Amino acid sequence: MVRRTPLCLLAALLGIFAVSSSPVRATELTFDTVSPFSDYDHLAPSYGSRAASTPEGDFIYGAAGGWTPNAVVSYSSPSPTGGVERWHSGYGDLTNVIYPDNPGYPSLSITLEADPGYLVSLDHFDMAGWPTSTYVIDYVKVLDKNGVALYDQPDATILGTGSTHTRFDFSGSPLTSEKLTIVYNSARSGGWNVGIDNVQFSQVSSVPDGATLSLALVGLAPLGLLLRRRR
């Protein structure tokens, strides 16, 4: 019979503690709004930041089982305006997509950034080509807080012909960091003929709540007695 050492017990308790202290809450950015919009309208720069309900003012989100009140979302393109535009349909079977606002500046990025004590975790996003067209674009990447590529797909095929789209799915092993940036370059498609939609991400707490901390302390108490007896 193998005797479990105090060190093994401590490791087991800390493992339970680490898992139980990281609740996951997810938001899906569908780029829907309560008020109607026109094609070419710019997306509000605060859409998706600190999402805690739906609708939330004019913004509508997919709940996906929870919310991300401790995460900020921002959007950018290298065009002079730095904004992104919205379009109702025609990007494959997606609706209300966003895309770079200037075909001469075909890159678009979406940044998810967590508050201190939290991480953001990317589950999936969808892309498609307009008008119901399929393209091979320069690249699709997901970068961490240091600009290191956690995902890098050059010559990415983006479906759109008929009722189709391309899903970039990381749900089996979500990409996680204090900050994540989705970025793509669609110069080969004519710049603004590739759009993105349905960005689902989570926030993960890396700081234990009071109840979890109390449970951990209760679990560690017998270990303290055992260590005293072994001295």
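Predicted model: local features only at pLDDT ≥ 70, side-chain atom pairs only at ≥ 80, totals over all residues.

Q: Okay, and where does T30 lie?

A: T30 is part of strand β1, which covers residues 24–33.

Q: What does T30 touch, leaving out residues up to four places away in sequence?

A: Its contacts are Y47, I60, Y61, G62, T95, N96, D197 and N198.

Q: Which backbone oxygen lies 3.3 Å from a polar atom of the T30 side chain?

A: That of I60. I60 is also among the residues that T30 touches.

Q: Switching to aromatics. How many aromatic pairs are there?

A: The count is 16. One of them is F31 with Y75, an edge-to-face pair at 6.2 Å centre to centre, with 70 degrees between the planes.

Q: Which parts does that pair tie together?

A: F31 lies in strand β1 and Y75 in strand β3, so the pair links parts that are 44 residues apart in sequence.

Q: Is F31 buried or exposed?

A: Buried, since its relative accessibility is 0%. Y75 counts as buried too, at 13% relative accessibility.

Q: Which residues make up the aromatic cluster with F31?

A: F31, Y47, F59, Y61, W67 and Y75 form one cluster. Y47 and Y61 also turn up among the contacts of T30.

Q: Now the core. How many residues are in the largest nonpolar core?

A: It has 43 residues, and those with the most contacts inside it are Y75, I110, L122, F125, M127 and I196. Strand β7, residues 118–129, gives the most to this core, with five residues.

Q: I110 is on that list, so what does I110 touch?

A: Again leaving out residues up to four places away in sequence, I110 touches F31, V73, S74, Y75, I98, L180, T181, I182, I196 and V199. That puts I110 in contact with both F31 and Y75, the two partners of the edge-to-face pair.

Q: Last topic, the open sheet. What order do its five strands have?

A: The order is β3-β6-β12-β8-β9, with antiparallel pairing. β3 (71–76) and β9 (149–158) are the edge strands, each pairing on one side only. On average, neighbouring strands in this sheet are turned by 10 degrees against each other, ignoring direction.

Q: Over how many bridges do β3 and β6 pair?

A: Six, in the antiparallel sense, with β6 covering residues 107–114.

Q: And which residue in β6 stands opposite V73?

A: L112 does.

Notes
Residues numbered from 1 in each chain as written. Heavy atoms only, no water. Helix = DSSP H or I, 4+ residues; strand = E, 2+ residues; numbered from the N terminus. Polar contact = N/O pair within 3.5 Å; in protein donor to acceptor, adjacent residues only side chain to side chain. Contact = heavy atoms within 4.5 Å. Core = buried A, V, L, I, M, F, W, Y, C linked by side-chain atoms within 4.5 Å. Buried < 20%, exposed > 50% of the residue type's maximum accessible area, 1.4 Å probe, protein only. Pairing = 2+ DSSP bridges. Axes fitted to C-alpha atoms, helices over the stretch in contact; angles between N-to-C directions. Phe/Tyr/Trp six-rings, centres within 6.5 Å; stacked < 30°, edge-to-face > 60°.
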